[in-house]
Amino acid sequence: MESSNLLLVGIVLFVLIDYIGGALLNRLNEKGKDQPLIGEAAEIYNAEEYAKSMAYGSAQYRFEAVTGLVTTAITLVAIVAGWFAWLDNWLRDRIENELLITVSFVAILIAIWAIGNLPGSYYSTFVIEERFGFNKSTKTLFFTDQIKQLLITLALGLPFLYAVAWIYQELQGQFWIAAWALFVAFSLFMFIFGTRIFLPMFNKLKPLPDGELRTAVENYCQSQGFPLSKLYEMDASKRSTKLNAFFSGMGKVKIIGLYDTLIAKLTVEETVAVLAHEVGHYKRKHVYSMFAWSNVQTLLILALMGWLLGNPDLSKALGSDIQSFHLSMIAFFLLFTPLSTLLDLLSNSFSRYNEYQADQYSIDTYPNAREHMYSALKKLSRESLKNLNPHPLYVKVHYTHPPIMERLANLKKV
Ligand SMILES: [Zn+2]
């Protein structure tokens with residue numbers, strides 16, 4: 001067998017294994033979720049709410065089963081039938097410049113991806129979320145969001161891709177160090193300013209008004225020597241009833257945002273306890289370690305690309321005799337799937353560990369945080385119909401936060 005055909009078989013196998021593994025894991029998780037409602041679980045849901053959470057989980061499971069199958073089938077057909085090579089060829093007939101071919105190729109794929117995802121997101125928002133009472137979005141807001149997201153992705157992604165492809169053109173196998181420097185600079189910028197620049201395009205952020213909550217938050221932050229530059233209330237309720245809080249930025253440009261839905265449902269003490277958890281992520285340097293870890297992953301991927309991308313078999317496996325940066329890159333990422341799953345496992349376990357540390361920080365620094373955090377987490381779970389019994393293997397693969405029952409048990413420990 002020709003080596004490019006061997007590569008094609010490898011790519012198809014990886015896509016299949018990834019799909020089948022994911023589908024089996026989803027099924028395992030779905031089958032195991034209906035456990036007796038006893039102990040702490042009974043403090044979260046009554047029988048009726050519990051039944052509703054089961055139905056919500058099943059609806060999501062069925063949705064993922066269908067979208068996963070369709071996406072995988074289309075991906076496999078595109079690979080085997082040579083659709084990527086066809087698009088490359090079509091562009092070559094019209095564009096001379098190699099870099100512009102790469103950028104146009106990726107732009108078309110992103111646009112197809114965005115349009116292809118529309119029916120699924122529409123169904124998920126206006127049928128599933130709607131049925132369970134979460135959806136607050138209107139059709140106008142939904143479509144405006146989708147268009148904005150696509151435009152932002154293209155506006156940021158394409159110039160960046162152009163730069164990376166240009167570096168590759170100039171340096172070939174040695175491109176990865178220079179490309180990495182560019183990635184680090186870009187992600188540092190996004191890390192510090194991303195939320196500040198892009199969040200206001202989707203949501204209104206208004207300073208948390210003076211009052212009991214603001215005073216409590218300011219007092220807490222002052223007690224921790226945590227200079228609070230921006231404390232916002234965000235109008236999340238225009239899209240969903242689900243509650244959340246976030247922290248973003250670095251150094252002097254730190255932002256804390258509280259969803260209006262969270263402020264409405266939690267007491268002042270519960271909100272400060274949740275916020276103390278967010279401050280804990282900052283004080284325990286999780287912000288920096290996660291940033292560093294993500295850049296290490298990028299370095300690893302780019303180094304592998306530097307090593308492998310020069311091989312003409314990558315483009316050939318997708319059906320093209322003309323070696324190109326974009327075709328080789330797609331073949332590379334398809335082959336990279338198993339390693340990327342492994343990296344995700346590491347990232348998730350790292351993140352779950354950090355969550356416990358942040359909970360501990362809240363307990364250590366805010367009076368009675370243990371009880372407030374406990375009741376806040378129960379409310380958060382109830383309000384989003386969380387699965388109380390996810391399968392342990394599913395947790396390892398997908399959860400960035402510990403499952404709710406484990407987190408509650410940890411809060412009870414002295
Ligand atoms: Zn956290």
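His-277 and His-281 sit four residues apart in helix α10, so about one helical turn separates them. Helices here are DSSP runs of H or I with at least four residues, strands are E runs of at least two, and both are numbered from the N terminus. This is a predicted model, in which local features need pLDDT of at least 70 and side-chain atom pairs count only at pLDDT 80 or more, while totals for chains, interfaces and linings use all residues. Residues are numbered from 1 along each chain as its sequence is written, and side-chain values use heavy atoms, with hydrogens and water left out.

Buried means under 20% relative accessible area, exposed over 50%, and partly exposed in between (1.4 Å probe, protein chains only).

## Salt bridges

The structure contains 13 salt bridges. Each is a side-chain nitrogen of Lys or Arg within 4 Å of a carboxyl oxygen of Asp or Glu. One of them joins Lys-378 to Glu-43, at 2.8 Å from N to O. This pair links distant parts of the chain: Lys-378 is in helix α14 (residues 369-383), Glu-43 is in helix α2 (residues 41-44), and they are 335 residues apart. Lys-378 is buried at 14%. Glu-43 is partly exposed at 37%.

Glu-270 bonds with Lys-379 in a salt bridge, with the closest N and O atoms 2.9 Å apart. Glu-270 belongs to helix α10 (residues 268-283) and Lys-379 to α14, 109 residues apart. Glu-270 is buried at 6%, whereas Lys-379 is partly exposed at 22%.

Glu-129 and Lys-242 form a salt bridge as well, their closest N and O atoms being 3.3 Å apart. Glu-129 lies in helix α5 (residues 98-131) and Lys-242 in the loop between β2 (230-234) and β3 (245-248), so the pair ties together parts 113 residues apart in sequence. Glu-129 is buried at 15%; Lys-242 is partly exposed at 25%. Elsewhere, a network of salt bridges links Asp-88, Arg-92 and Glu-98.

## Nonpolar cores

The largest nonpolar core has 49 residues, and Tyr-220 and Leu-388 touch the most other members. Helix α10 supplies its largest share, eight residues. A nonpolar core is a set of buried Ala, Val, Leu, Ile, Met, Phe, Trp, Tyr and Cys residues joined through side-chain atoms within 4.5 Å.

Apart from this core lies another, of 42 residues, including Ile-79, Tyr-168, Ala-179 and Ala-317. Leaving aside residues up to four places away in sequence, Tyr-220 touches Val-272, Ala-276, Val-279, Tyr-361, Thr-365 and Tyr-366. Contact means heavy atoms within 4.5 Å.

## Helix α11

Helix α11 (residues 286-308) has 23 residues, which should span 33 Å at 1.5 Å a residue; its end C-alpha atoms are 33 Å apart, so the two agree. The expected span is 1.5 Å times one less than the number of residues. Buried residues in α11 include His-286, Phe-291, Ile-301 and Met-305. The buried residues of this helix pack against α7 (175-198), β3, α10 and α13 (325-365).

## Two single residues

Asn-26 lies in helix α1 (residues 3-31). Asn-26 is buried at 16%. Beyond residues up to four places away in sequence, Asn-26 touches Tyr-61, Glu-64, Tyr-394 and His-398.

Ile-263 is in helix α9 (residues 260-265). Ile-263 is partly exposed at 23%.
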